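Student: I'd like a close look at one part of this model: the side chains on its helices and how they pair up. Take me through that, and carry on from there to whatever else belongs in the picture.

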Amino acid sequence: MPPLVVYRDEGRLLLSVTMLSLNDRQYYVTPPKREKITSEELTRLGDVQALVAQLYETLNVGEHQIRKERELNSKLEELNVKLGPLEVKKGELDQQATRRTSYLTWVGLGLMSVQFGVLARLTWWEYSWDIMEPVTYFVTYGTAMAAYAYFVLTKQEYILPDVKDRQHLITLHKSAKKAGINLAEYNDVKRQIAEIEHDLRRLRDPLYMHLPAPPPKSPTYSATEIAASKKLLKQALEKATDSVVNKQAAAKISSLLESTGNPFRSKK
């Protein structure tokens, strides 16, 4: 096969005069002159591309959206069917954990009452305050040490609502383990349902469906707010000074109020 050598002029091939060498013979190739594209033609091409994109969206995106929504609804129904028995069992375990947590809360209150009664008995009947004062100090310090030990073990501050919630969760997980209920599976199903519902909300969003956004709600005012506004306006008019400018402004405000009647919209 004879060698083919191509020489480029100004580093461009077939954009200007090009020399081809074939069998020790040289050929000059002159490409046709290229016309520059104007900005109007570029704008027209952009409009055509936008029109093609709109046609594609009209013909395919809507159908894809409907198909996707059906798939998500079918998955959501399957997950709800799977979640039903787990939800019933978890509700029963929640009730048991709530009862046990409340029981422990009342037990703690009872123990504190017993402690108060014992210290009061030892202070006013058995011994005196001079003897019991160091005892109460060490009891208080021991309570602070117990709260700090709780923080060291759990890495949480000793706050009563948090302690109650933690005890509720501990009781719930223990009861679920005894009953053979997998709470990890329950949480995974709940997470999948939340994700699917989020995707459905996105699909049904007016902006995603290229629908006009709902009009903003106009503010409404109650009768009390209207009366208070009128009272403030009257006070402002009464406090106007005797200057000509303030008198003219007060006259304009009064005429405006009389002409408009009630400038506020009251609730029906």
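**A helix and its neighbours**

Tutor: Let's start with Arg191 and Glu195: both sit in helix α4, four residues apart, or about one turn of the helix. (Helices are DSSP runs of H or I with at least four residues, strands are E runs of at least two, and both are numbered from the N terminus.) Keep in mind that this is a predicted model, in which local features need pLDDT of at least 70 and side-chain atom pairs count only at pLDDT 80 or more, while totals for chains, interfaces and linings use all residues. Residues are numbered from 1 along each chain as its sequence is written, and side-chain values use heavy atoms, with hydrogens and water left out.

The side chains of Arg191 and Glu195 make a salt bridge, 2.9 Å from N to O; the term asks for a side-chain nitrogen of Lys or Arg within 4 Å of a carboxyl oxygen of Asp or Glu. Glu195 has 41% relative accessibility, so it counts as partly exposed. Under the cut-offs, buried is under 20% relative accessible area, exposed is over 50%, and partly exposed lies in between (1.4 Å probe, protein chains only). Arg191 also bridges to Asp188, at 2.5 Å from N to O. Here the two residues are three apart in helix α4 (residues 183–203), so about one helical turn separates Arg191 from Asp188.

The structure holds five salt bridges. Another of them joins the side chains of Glu126 and Arg121, 3.3 Å from N to O. Glu126 is partly exposed at 45% relative accessibility, and Arg121 is partly exposed at 42%.

Val189 is found in α4 and has a relative accessible area of 2%, so it is buried. Its C-alpha atom is 9.6 Å from that of Leu86, although Val189 and Leu86 are 103 residues apart along the chain.

Now for the aromatics. There are four aromatic pairs in the structure. In one of them, the rings of Tyr137 and Phe138 have centres 5.5 Å apart and planes at 75 degrees, so the pair is edge-to-face. The rule is that rings of Phe, Tyr and Trp (its six-membered ring) pair if their centres lie within 6.5 Å; planes under 30 degrees apart are stacked, over 60 edge-to-face, and the rest tilted. Tyr137 and Phe138 are both exposed. Tyr137 also pairs with Tyr141, and this pair is stacked, at 6.3 Å centre to centre with 20 degrees between the planes. Tyr137 and Tyr141 are four residues apart in helix α2 (residues 129–154), so about one helical turn separates them. Tyr137 is exposed at 51%, whereas Tyr141 is partly exposed at 47%. Put together, Tyr137, Phe138 and Tyr141 form one aromatic cluster.

Lys155 has 63% relative accessibility and so counts as exposed.

The largest pocket holds about 840 Å³ of space. Of its 21 lining residues, the closest to the centre are Gly108, Met112, Tyr158, Leu160 and Val163. The elements giving two or more residues to this lining are α1, α2 and α3 (160–179), and α1 gives the most, with nine. As for terms, on a 1 Å grid over the protein atoms alone, a pocket is an open set of points with protein on both sides within 12 Å along at least five of seven lines, a cavity is a set where a 1.4 Å probe fits but cannot get out, and lining residues have an atom within 4 Å of a point. Points are joined across faces, edges and corners, and the volume is the space filled by probe spheres set on them.
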